[in-house]
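Work through these exercises with the model open beside you. Try each task before you read its solution.

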Amino acid sequence: MQSESLSLAPALTLFPALKPPHKTLLFHRICVLVITFLAYASFHASRKPPSIVKSVLGPTVPSNATQTGNLSSNDVGWPPFNGTRGTHRLGELDLAFLTSYSIGMYLAGHVGDRIDLRLFLVFGMMGSGLFTILFGLGYWLDVHVLGFFVGAQIICGVFQSIGWPCVVAVVGNWLGESKRGLIMGVWNSHTSVGNIIGSVVASGVLEFGWGWSFVVPGVLIILVGILVFLFLVVNPEDMGFVHSGMDIEMSVEIDSAENIQKVESEEAKLIESDNSDSSSAIGFLEAWKIPGVAPFALCLFFSKLVAYTFLYWLPFYIRHTAVAGVHISHKTAGLLSTIFDIGGVLGGITAGFISDMIEARAITSILFLFLSIPALALYRIFGSLSMLINIILMFFSGFLVNGPYSLITTAVAADLGTQSSNDRNSRALATVTAIIDGTGSAGAALGPLLAGYISTRGWNSVFFMLILSIFFAGLFLVRVARNEIREKLSGK
């Protein structure tokens, strides 16, 4: 019983009315989806400030911006990011965070399969919040040493890497495969919602000093971490629910001695089963051999390269690219960039719905990837003509770019981590998730760095890199898509 008290969320111990039979399985599933949604949204909100403050820290906008009256005192930049190689330093800052994030992702998935996911997730949230705040303190401490900012980003990246394997594993424990694409497509909108919240908050307080753009999101993720610690339940078994082909809710009647004995016997079985799962948790190399893991992981490498280049550089690009001949302010650029994320929310949901409807994840991903190629080309060529055209093309770019990214990191990872070849061993889920998203995060680390260097040669070169990356992402799924088509034709 001691192990149960340690794993059960404190709020459920304090409020027994939240337990079965007072609350149903559906109630707890909704709670898990909402809590993990808020948790990862707060991760992304605290990850957004670097992209918002880039235009403040980095080199000034082109000299013709002074003619528009939009050049402010913020445009002097912040050493060491405001020199002629400022965009390089900013790209290296992104590389520091995303490299540690990518490496940490592999380790986090391995650890997450073996310890209490709730406590591990809270640990990551608290660390992320503290080091996000530390980065912002550089403003008031007047820090101009590159090593300080790089060090803060490296450690923050390690803490941030804990979040994704944990939340996907928890959701995978509570959801079956039916309608997983649609449900997880809606749930995965937390990335874009978090980006929107982070952009709005960081942009809103930017005028008071760029340090506030880090401190406020840092405090936010700490507060959400407290909520996770109090309420998140990792496994249905912790609440007395068991699986036998389908979900079965245990009946608990505290006034019956016979039922108490049954419950205690069931608890003993669950503990024994948990120990057995722990000892048989899937290995890292073994997880790579699961059919479909490698091609989807490599696809996500290039897909996430594109998505994170937009995540970290879109506000900077908007600030430094005249729309209808006018350079907009830092705050407006940050707010306008949320259009890409709004498109991403709908794109992720649509991709999940389509993949459920046709029961083909790879075909859906390829469709979105190849349609995003002309979308990005059109955004670059015509996005500067007017604000309306810019918004429309940015929306569709986000819709198509984030669709497959959302699908692969959620429904695909959950499918591969719990497929029948693993004997539905949920202990594989965090490891498979970490492999897929960890490989994707390696691409996420490379994209912003390349953008920082290539942008000095012109933004056409950056968009060419993005389009080429999307093409390669689609190529890695061709064989998987071909197998899906064969299965459809054979009537399986």
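**Exercise 1: two helices side by side**

In H3, Ile 35, Leu 38, Ala 39, Ser 42, Phe 43, Ala 45 and Ser 46 meet a set of H11 residues: Pro 217, Leu 220, Ile 221, Val 224, Leu 227, Val 228 and Phe 231. By class, this contact of H3 with H11 comprises twelve nonpolar residues, two polar and no charged. The model is a predicted one.

Task: Work out how H3 and H11 are oriented to each other.

Solution: 
- Step 1. Locate the helices: H3 covers residues 25–47 and H11 covers residues 212–231.
- Step 2. Take the geometry. The packing angle is about 160°, and the axes are 9 Å apart.
- Step 3. Apply the cut-off. Angles over 145 degrees count as roughly antiparallel.
- Step 4. H3 and H11 are therefore roughly antiparallel to each other.

**Exercise 2: aromatic rings**

Task: Classify the ring pair of Tyr 379 and Phe 463.

Solution: 
- Step 1. Start with the total: the structure holds 35 aromatic pairs.
- Step 2. In the pair of Tyr 379 and Phe 463, the ring centres are 6.2 Å apart and the planes meet at 45°, so the pair is tilted.
- Step 3. Tyr 379 is in helix H17 (residues 361–382), and Phe 463 is in helix H20 (residues 459–475). The pair links distant parts of the chain, 84 residues apart.
- Step 4. Check burial: Tyr 379 and Phe 463 are both buried.
- Step 5. Look elsewhere for a cluster. Ring pairs join Trp 78, Phe 81, Phe 135, Tyr 139, Trp 140, Phe 148, Phe 149, Trp 210, Trp 212 and Phe 214.

**Exercise 3: buried or exposed?**

Task: Decide whether Thr 309 is buried or exposed, then do likewise for Leu 141.

Solution: 
- Step 1. Find Thr 309 in helix H14, residues 293–320.
- Step 2. Thr 309 has 4% relative accessibility, so Thr 309 counts as buried.
- Step 3. List its contacts, leaving aside neighbours within four places in sequence: Leu 314, Gly 447, Pro 448, Ala 451, Met 465 and Leu 466.
- Step 4. Compare sequence with space. Thr 309 and Leu 450 are 141 residues apart in sequence, yet 8.8 Å apart C-alpha to C-alpha.
- Step 5. Turn to Leu 141, in the loop between helix H6 (117–140) and helix H7 (146–160).
- Step 6. The relative accessible area of Leu 141 is 59%, so Leu 141 is exposed.
- Step 7. Leu 141 and Gly 211 are 70 residues apart in sequence and 9.9 Å apart C-alpha to C-alpha.

**Exercise 4: the whole chain**

Solution: 
- Step 1. Among contacts with a separation of 6 or more, 83% join residues 24 or more positions apart.

Methods
Residues are numbered from 1 along each chain as its sequence is written. This is a predicted model: local features need pLDDT of at least 70, side-chain atom pairs count only at pLDDT 80 or more; totals for chains, interfaces and linings use all residues. Side-chain values use heavy atoms; hydrogens and water are left out. Axes are lines fitted to C-alpha atoms, for helices over the stretch in contact, and angles run from 0 to 180 degrees between N-to-C directions. Helices (H or I, at least four residues) and strands (E, at least two) are DSSP runs, numbered from the N terminus. Angles under 35 degrees count as roughly parallel, over 145 as roughly antiparallel, 65 to 115 as roughly perpendicular and the rest as oblique. Contact means heavy atoms within 4.5 Å. Ala, Val, Leu, Ile, Met, Phe, Trp, Tyr, Cys and Pro count as nonpolar, Asp, Glu, Lys and Arg as charged, and the others, Gly among them, as polar. Rings of Phe, Tyr and Trp (its six-membered ring) pair if their centres lie within 6.5 Å; planes under 30 degrees apart count as stacked, over 60 as edge-to-face and the rest as tilted. Buried means under 20% relative accessible area, exposed over 50%, partly exposed in between (1.4 Å probe, protein chains only).
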